[in-house]
Amino acid sequence: MRAVHFGAGNIGRGFIGLLLSRSGYTICFVDVNDKVVSLLRQRGSYTVSLATESHDSMEVNGVSAINGNEVAQVIQQIASADLITTAVGVNLLGSIADVIARGIEQRIKNSLSGPLQVIACENAIHASSLLKKQVYERLSREACSRADEAVFFTNTAVDRIVPIQSHDDPLEVTVEPFYEWLIDRKGMPPGAVQIQGAGYVDQLESYIERKLFTVNTGHCCAAYLGYLNGYATIHETMADPAISIQVRQVLEETGSLLVKKHGLNLQEHTQYIQKIMSRFGNAYLSDGVVRVGRSPIRKLSPNDRLVRPALQAFQLGIEPYHLSRVIATALLFDYSSDEEAVQIQAKIKAVGIHQAAAHFTGIPIGHPVHDLIILHYETLTQPI
């Protein structure tokens, strides 16, 4: 079985590539990092270690790599693959849609009858569906019709924390022991081989939002609160009882939303929250608050981890008091080396916090959630 994976970064190697290798796939990584691509080509393997006291490690073998700029070679790999996966970031899916479309066209030209499965492993809701839309925009009507019969864009939810790396070997990657890869069973090709270590579910949206509104929301909550209080890492932040309580309050708020919207079992979800909290406190992850908090404009966008649950909670009659505080702390994230953080601070200075908050969150001035955000922002910026 042959897989093409876009994105040879830490998630690509330490999570997706690891599980695909265990499932018997030979993997061709596609990336534009010349050093990583060259080393993968030379060695055909790399090491994955766990962020635990014992630092257990595993070897991933049978891999190759192509530079994403070598388009003809990428197309050739897609034309003969059984599976395409991605871990490039949802904002970059459009940049790989063209080559995937051309690879599908080549499969059609070669009259390949076997199914091709495409799984976008990104922190987004229905990322594979988004990728499909972008790919189909680049295909002819006839090619779309043929693709409908043989190409399956399968939505998924992925979860594994990868900390800042500091290895002598550029290919080695450290990951946390916990992981979750859930795949929409309805989007599977007939007779497809299941990926070892992945779970297959029928109601994926509830799992996607459970992960996004707990792991991603909680992680950036810890990052922005940690940054505001002068901490360097998530682990240090979570060791502060006052901040740990605030993170839990946020997750209990999103938990109320998830239980009400999706009918989750309250006791089971409370246990899930506790598991996530313990992951954030893992001393062996040593994840930086500025890394987790980076790209605040994206994190503050209407469909992402802060505003989306805040508005959904409000619509269901749950006041997003604690979520609004996190949104306010995100607006205070002024890390000078983060381009998006600089843009936010410039916007606030230029037009004031009311208009800036409305601009970045999409929540209009006068909306009750907007008022909550401003209340927290003004409280947090008051002189001590």
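**Cavities and a neighbouring strand**

Modeller: The lining of the second largest cavity splits into four nonpolar, four polar and two charged residues. Here Ala, Val, Leu, Ile, Met, Phe, Trp, Tyr, Cys and Pro count as nonpolar, Asp, Glu, Lys and Arg as charged, and the others, Gly among them, as polar. A cavity is a set of points on a 1 Å grid over the protein atoms alone where a 1.4 Å probe fits but cannot get out; lining residues have an atom within 4 Å of a point. The model is predicted: local features need pLDDT of at least 70, side-chain atom pairs pLDDT 80 or more, while totals for chains, interfaces and linings use all residues. Residues are numbered from 1 along each chain as its sequence is written, and side-chain values use heavy atoms, without hydrogens and water.

The second largest cavity holds about 40 Å³. Its lining includes His219, Arg279 and Asp287. Helices H8 (234-238) and H10 (266-280) each give at least two lining residues. Helices (H or I, at least four residues) and strands (E, at least two) are DSSP runs, numbered from the N terminus.

The largest cavity holds about 60 Å³. Among its lining residues are Glu122, Val158 and Lys211. E9 and helix H7 (204-228) give two or more residues each. Six lining residues are nonpolar, two polar and two charged.

Val158 also stands opposite Trp181 in E11. Four bridges join E9 (residues 156-159) to E11, antiparallel. All five residues of E11 (180-184) are buried, that is, under 20% relative accessible area with a 1.4 Å probe, protein chains only.

How values were computed
Buried means under 20% relative accessible area, exposed over 50%, partly exposed in between (1.4 Å probe, protein chains only). Two strands pair if DSSP finds at least two bridges between them. On a 1 Å grid over the protein atoms alone, a cavity is a set of points where a 1.4 Å probe fits but cannot get out, and a pocket is an open set with protein on both sides within 12 Å along at least five of seven lines; lining residues have an atom within 4 Å of a point. Grid points are joined across faces, edges and corners, and a volume is the space filled by probe spheres set on the points.
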